[in-house]
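Subject: Structure for you to look at

Hello,

Here is the structure I promised to pass on. Please open it and keep it beside you while you read.

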Number of protein chains: 2
Amino acid sequence: MGITKTDSFTEQQNELATLLKAMAHPARIAIIEFLLKKDKCICGDIVDELPLAQATISQHLKELKNANLIKGTIEGTAICYCLNQEVFSALNDKIQLITNQLIIKNSTKCC
Amino acid sequence: MGITKTDSFTEQQNELATLLKAMAHPARIAIIEFLLKKDKCICGDIVDELPLAQATISQHLKELKNANLIKGTIEGTAICYCLNQEVFSALNDKIQLITNQLIIKNSTKCC
DNA sequence: TTTATATATTGCAATATTACGATTAATAAC
DNA sequence: GTTATTAATCGTAATATTGCAATATATAAA
C-alpha cells in the first residue's frame, strides 16, 4: 500500500531503515559527498553544485536533517550545513556488525 | 516527480543509492537479520517469521536479490537464501570511508 | 496422473517520493 | 522604510513503493 507496517518490526529495525532511506538517493549521496569534500561548511553552494532546483535541494536537506545526518546553523541569511559525525559513526558500527558476523560465519557457507 | 534524475549523478552515487534503497525497509532489515542469525540457509521460514503475506516477502526477497545482497539456490521445491558477504563488505568499506574522513576532519569542525 | 508444497507473478488500491514553479519568511544592505 | 539575498514551504503533477489476494509455475510425493 505504499505504507509500511512499522508496528510489525522492532524499533531498531525501523530506525536503521529510516536512516538508510534518508541516504538512499543519489542527490543526497552527492550532498553528503560535497559536504565531506569541503573543509568549511556549505550553505547555498549545494544549489550551484547540483543540477536540481533550489526547492528540491531544500527538500533533500530537510530529509537529511530529519535523519540527523546533517546539522545546520544560521549565519546571517545563509545556513551553514555540515555532516553529523556521530550518526555516521553509529551507522558505520551497525553495518560493520553485520559484515563482521557475515565474515565469521562464512566458514559454514551454504549457497 | 517520484522519478530520480539519475543522469545528473555519477554511476557510483547511483549505485550506492540503489544499494542503500534495497536495504531501506524494516522488512528487508528483518530478513537480513534473520538470515544472519541462522547458521544454515533459510527459505520459506521467512514467511513464517515475519507478519507479512507470502507475496510481500517474495517481493522483498526479489529486491534484495536484485541488489545482490542475497543469493538463492534451488533445493527441490524450496529456495535456499543466504547473504552475499562480498556486497556487504563493499558497502561497509564505502560507509567506513565516509566515516573515517569525517572523524579526521572533525578537528576543523564548524557548525 | 493427481495432489501437495514452495515460490513467483499479476493486478490492483493506498500511500510515498521526487521535482519544480511560485510564494513566503527572514535577515542584510542601503 | 525599500531592495536584495537566502532558504523554507506550498501546491501540484508524475512516478514509485508497499501490501495483498488471486493466480501461475515448478517440483516432489502419492
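This is a predicted model: local features need pLDDT of at least 70, side-chain atom pairs count only at pLDDT 80 or more; totals for chains, interfaces and linings use all residues.

**The interface**

Start where the two chains meet. On the chain B side, 50 residues are in contact with 50 residues of chain A. The size of an interface is often given as the accessible area lost when the parts come together. Here, the area buried between chain B and chain A is about 4,400 Å². Carbon and sulfur atoms give 72% of that area.

What about polar links across the interface? The rule finds eight residue pairs in polar contact between chain B and chain A, with both residues at pLDDT 80 or more. Salt bridges between chain B and chain A number zero.

Which parts of chain B touch chain A? The elements that give two or more residues to that side are α1 (11-23), α2 (26-37), β1 (70-75), β2 (78-83) and α5 (85-105) of chain B. Helix α5(B) gives the largest share, 13 residues. Sorted by class, the side of chain B that touches chain A has 28 nonpolar, 14 polar and eight charged residues.

**The salt bridges**

How many salt bridges does the structure hold over all chains? There are four.

- A:E49 and A:K37: the closest N and O atoms are 4.0 Å apart. A:E49 sits in helix α3 (residues 45-49) of chain A, and A:K37 in helix α2 (residues 26-37) of chain A. The two are twelve residues apart, and the pair links distant parts of the chain. A:E49 is partly exposed, at 44% relative accessibility. A:K37 is exposed, at 54%.
- B:E49 and B:K37: the closest N and O atoms are 3.9 Å apart. B:E49 belongs to helix α3 (residues 45-49) of chain B, and B:K37 to helix α2 of chain B. These residues are also twelve residues apart. B:E49 is partly exposed, with 43% relative accessibility. B:K37 is exposed, with 55%.
- B:R28 and B:E63: the closest N and O atoms are 3.4 Å apart. This pair links helix α2 of chain B, which holds B:R28, to helix α4 of chain B, which holds B:E63. They are 35 residues apart. B:R28 is buried, at 6% relative accessibility. B:E63 is partly exposed, at 36%.

**Arginine 28 in chain A**

Now find A:R28. This residue lies in helix α2 of chain A. Is A:R28 buried or exposed? At 6% relative accessibility, A:R28 counts as buried.

What surrounds A:R28? Leave aside its neighbours within four places in sequence. A:R28 is then in contact with A:K21, A:A22, A:H60, A:E63 and A:L64. Look closely at A:A22. Its backbone oxygen lies 2.6 Å from a polar atom of the A:R28 side chain.

**The cysteines**

A disulfide is a covalent bond between the sulfur atoms of two cysteines. How many disulfides does the rule count over all chains? The count is zero.

The cut-off for a disulfide is 2.5 Å. B:C43 is partly exposed, with 27% relative accessibility. In chain A, A:C80 is buried, with a relative accessible area of 7%.

Most residues other than glycine have a negative phi.

In chain A, phi of A:N68 is near 70 degrees, a positive value in a residue other than glycine. A:N68 is placed in the loop between α4 (54-66) and β1 (70-75) of chain A. A:N68 is partly exposed, at 41% relative accessible area.

In chain B, B:N68 has a positive phi of about 70 degrees and is not a glycine. B:N68 lies in the loop between α4 (54-66) and β1 of chain B. Its relative accessibility is 41%, so B:N68 counts as partly exposed.

Best wishes

Methods
Residues are numbered from 1 along each chain as its sequence is written. Chains are lettered from A and ligands numbered from 1 in the order in which they are written. Side-chain values use heavy atoms; hydrogens and water are left out. Contact means heavy atoms within 4.5 Å. Buried area is the accessible area (1.4 Å probe) that two parts lose on being put together, summed over both. A salt bridge is a side-chain nitrogen of Lys or Arg within 4 Å of a carboxyl oxygen of Asp or Glu. A polar contact is a pair of N or O atoms within 3.5 Å; within protein, one must be able to donate a hydrogen and the other to accept it, and residues adjacent in sequence count only if both atoms are side-chain atoms. Helices (H or I, at least four residues) and strands (E, at least two) are DSSP runs, numbered from the N terminus. Ala, Val, Leu, Ile, Met, Phe, Trp, Tyr, Cys and Pro count as nonpolar, Asp, Glu, Lys and Arg as charged, and the others, Gly among them, as polar. Buried means under 20% relative accessible area, exposed over 50%, partly exposed in between (1.4 Å probe, protein chains only).
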